[in-house]
Amino acid sequence: MDIGNSHTVLATFDGARVTGCWRVRTQPRATADEIQLVWRGLLRDTDVTGVAACSTVPQLLPVLRQLLDRLDVPVTLVGPGVRTGVPLHVDNPREVGADRVVTALAAHELYGKRPDGTGRPVVVVDFGTSTTVDAVGPAGQFLGGALAPGVEVSLDALATRAAQLRSVELTVPEKAIGKNTVAALQSGVVLGFAGLVDGLVDRVAAELMTTFGVGPVVVATGGLHPLVVDSCRSVGERDPDLTVQGLRLAHERHQSSR
């Protein structure tokens, strides 16, 4: 269970295979009973043998702990103090969100290992409430990254601050030159963010090349990645399940260490 600022993703696994995946709106003031009610509705036909969760919403962490304490299966709440096997090469490791840590874990395990056993860097572009471009080293170390506003957040802010503009449907425009306000907004938001991502990825990849002597694999994930990724020239792989895969891997490591 990945509780994000805008959406909560709930996924089920049989081994490493995703057997179900649901996305619901995050309710920052939800109670443990309300979250459990959603779980029961989505998982009514599922035999749950373990639970892994993380949250980027601070006010929901106590609620999530309360819910997990009710369960009679092994649970892993990813956060400070939980060993994921991801070295955090940043100034303040406690500032790094749990979702970024588990996403880096999955990126390394699924895309950063060559068949001969050597590692390679990975760049993860996560299109969500914020747009993140994170760097993962060839040994699976989290190196940091860049944070930018998300696509929807930027569009909402523009519609709020500019009296003549409004929210529009987010779709890929046919042309960069918009002939009306809607087309111009779609071009600026969708193609503009594609350019932002390509520019950041180019700079991050160059730094990784200088440091490790090899270019990175670039993976896109996040709920909004289908909207922008086709307009990005820098993205090579797509994996909508990267964060929940990381939760699965973190759960397996944490339980085996215990």
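Q: What ground rules apply to the model and its numbering?
A: The model is predicted: local features need pLDDT of at least 70, side-chain atom pairs count only at pLDDT 80 or more, and totals for chains, interfaces and linings use all residues. Residues are numbered from 1 along each chain as its sequence is written, and side-chain values use heavy atoms, with hydrogens and water left out.

Q: In which sense do β7 and β8 pair?
A: Strands are DSSP runs (E, at least two residues), helices are runs of H or I (at least four), and both are numbered from the N terminus. Two strands pair if DSSP finds at least two bridges between them. Here β7 (residues 130-136) and β8 (residues 142-149) are antiparallel, over seven bridges. S130 faces P149 in β8. Five residues separate the two strands of this hairpin, and G140 in the turn has a positive phi of about 90 degrees.

Q: What is the strand order in the open sheet?
A: The five strands run β8-β7-β6-β9-β10, with mixed pairing. β8 and β10 (237-238) are the edges; each has a single partner strand, so one side of each lacks a neighbour in the sheet. β6 (residues 122-127) and β9 (residues 217-221) pair in the parallel sense over five bridges. V122 is opposite V217 in β9.

Q: Is I35 buried or exposed?
A: Buried means under 20% relative accessible area, exposed over 50%, partly exposed in between (1.4 Å probe, protein chains only). I35 is buried, at 10%. I35 belongs to helix α1 (residues 32-42).
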